[in-house]
Every structure is written in C-alpha cells, then in structure tokens.
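Look at the sequence and the model below.

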Amino acid sequence: MVSSGSQAVVSLVLERELQPDKLSLVAEEETGDLRKNGSEAFLEDIAKLVKDTLASEESYTSSPLSTDDVLNAIDCGKSEGGCKGSHWVLDPIDGTRGFVRGEQYAVGLALLVEGKVVLGVMACPNLPLASAVCATDNSSQEDVGCLFFATTGSGTYVQSLKGNSLPQKVQVSSNENLDEAKFLESYHKPIPIHGTIAKKLGIKALPVRIDSQAKYAALSRGDAEIYLRFTLNGYRECIWDHAPGSIITTEAGGVVCDATGKSLDFSKGKYLAHKTGIIVTTKKLKPWILKAVRESIEEENLYF
C-alpha cells in the first residue's frame, strides 16, 4: 500500500510541477490488483494516504482527489524510458524487507536525459546522519533520516530529512588499504562469489548487509569502500533500482560499473543492459576489484 501511495504522490507532484511539459515516468508499481473487484477498501486506504500526504503542502490542499485520480497517477509510471527524450525514474519504496523490519529503505528518483542519468534524489528515512556502518551505542536514535541529491557536474550533497540542517557536500572514502576496506551487500541470500572476491582482495571485515539503495548513499559519503551486487543467472536489474544511487555515487567521486568495468547503461528501457554483476567502489580501488572479480568468475565458471 505504501509503495503504491508513494508512487501516486510523486507522480502527482511531478505532473503538476512540470507543466506544461508532459511527464514520462518509469516506475515500479502497477494498478492491476488495485482495479480488481474486492480491492475497493484497500484502494480507499491508499487514496487517503495520498490525500493526507499532499495536504502537508498548502498549495495541494484545495485539489480534490478521487480513487480514479490515484489509479491514474500510479499508471503514469508505465513509460518504457529509452535513449530519447527525458524520463523520470522512480523506486517508490526500495528495500521492502527493510521497510517492513523498520530498518533501511529508500525512495529514489532520477532523471534520464537522452539515456543518461543527470539528476538523482534519494530519501533514506532510517539512515543515520553519522556513519551507517560504524554506528555506536552512543549514536542518537533521533539523528536519523537523510536526503541525498546530485546533479551532473555539481557533486553530491546530504542533509537531514527533517530539513533542520544545511546541505553538506560528500565524498567517497579516500582509503586505499584493502585490508581496512568495508564492503556492503544486500540482505538476500549470501552470494558465494562475494566471499571469493573479498578473500582475493584481502578484506578482513565481514560484509555489512543493508537493504535498498541506501548502500549507494552510504558509500557516497565514505561509510564503506565497496558494494558488490552479483545475482542469480537470469535476473534482470531494473533501472529504478540503480539510477538514483549511481549518480549519487559517481558525483561523490565513486565508480559504478559492471563486472567488465563498463558504466551501467540506462538507455535500453526498464532494464539495465549490463554484464554479470554490479560493482560500486572508489576510483583508486576499481582496478584491484576488477582483477579479483575476473579471477573469481573464471574460478567459479561463470559466463557473461
């Protein structure tokens, strides 16, 4: 429910703010189940959530909103994207498991222009303002909630999601010692090749598991040096899972590439056109990681 409501809110706001330009939105949620008989009460709850959220902004309070309006707003996310024109890319709730557990999740929005990511915004409501990797028991539980944003050529910034602090420019870690490096991965099943790569690199610390694109955000401000994402054969990565995080990382001085070292291609539609695996790291560590990845792939008989 929350994810559909989030998509409706972002769609409605973008559509209004971009006028007279037409909104092209590539997003995750669909309305098929919401339009089925028996879903009326669920849809009403979503509509109320959307109305209550928009009501926090005075200029939206006078606009009536029906359940059909909400459904149409969600369906605005049906764009296929591509290499021509401008397309907004949205993940309304990234990291559903983290959201349910009350841990890390993110709302990510990016802008594609002619197939290139030129803007990214990511809200991480449960990410500490201090390091997410090195948090201590003395860290204030109230010091959480980060908003990251980046545009091409302007760097990456973070500020409190509560709006009570000025934006601060962030940079990836300057650490070059692999034995001191920290590496991130998702909360899914352990991926054996991650362990093989870490061993070849001489990384001593265990992986830090974080849900959602919050891993990109954490790496962009130097919480860790490496984020690996290798998936099962046949899995196709959606662009909304990586577009916001990729520009937030690269504008902070980092690197986002596939297992062959090529930058991710967001111009092919809803799915990434990339070789096996995604690597997020610093420019200084990239050559060493690519070497370890290549050797690990050969040893485990994985093929591109």
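Is L49 buried, partly exposed or exposed? L49 counts as partly exposed, because its relative accessibility is 31%; buried means under 20% relative accessible area, exposed over 50%, and partly exposed in between (1.4 Å probe, protein chains only). This is a predicted model, in which local features need pLDDT of at least 70, side-chain atom pairs count only at pLDDT 80 or more, and totals for chains, interfaces and linings use all residues. Residues are numbered from 1 along each chain as its sequence is written, and side-chain values use heavy atoms, with hydrogens and water left out.

L49 lies in helix α2. Helices (H or I, at least four residues) and strands (E, at least two) are DSSP runs, numbered from the N terminus.

Now turn to the sheet. Seven strands form an open sheet with mixed pairing, in the order β1-β2-β3-β4-β5-β6-β7; two strands pair if DSSP finds at least two bridges between them. At the edges stand β1 (25-27) and β7 (168-170), each with a single partner strand, so one side of each has no neighbour in the sheet. Strands β4 (residues 116-128) and β5 (residues 144-151) pair in the antiparallel sense over seven bridges. The bridge partner of V121 is F149 in β5.

Helix α1 (residues 2-17) packs on the sheet and touches β1, β2 (86-94) and β3 (106-113), where contact means heavy atoms within 4.5 Å. Helix α7 (residues 243-250) also packs on the sheet, touching β2, β3, β4, β5 and β6 (155-160).

Terms used
Axes fitted to C-alpha atoms, helices over the stretch in contact; angles between N-to-C directions.
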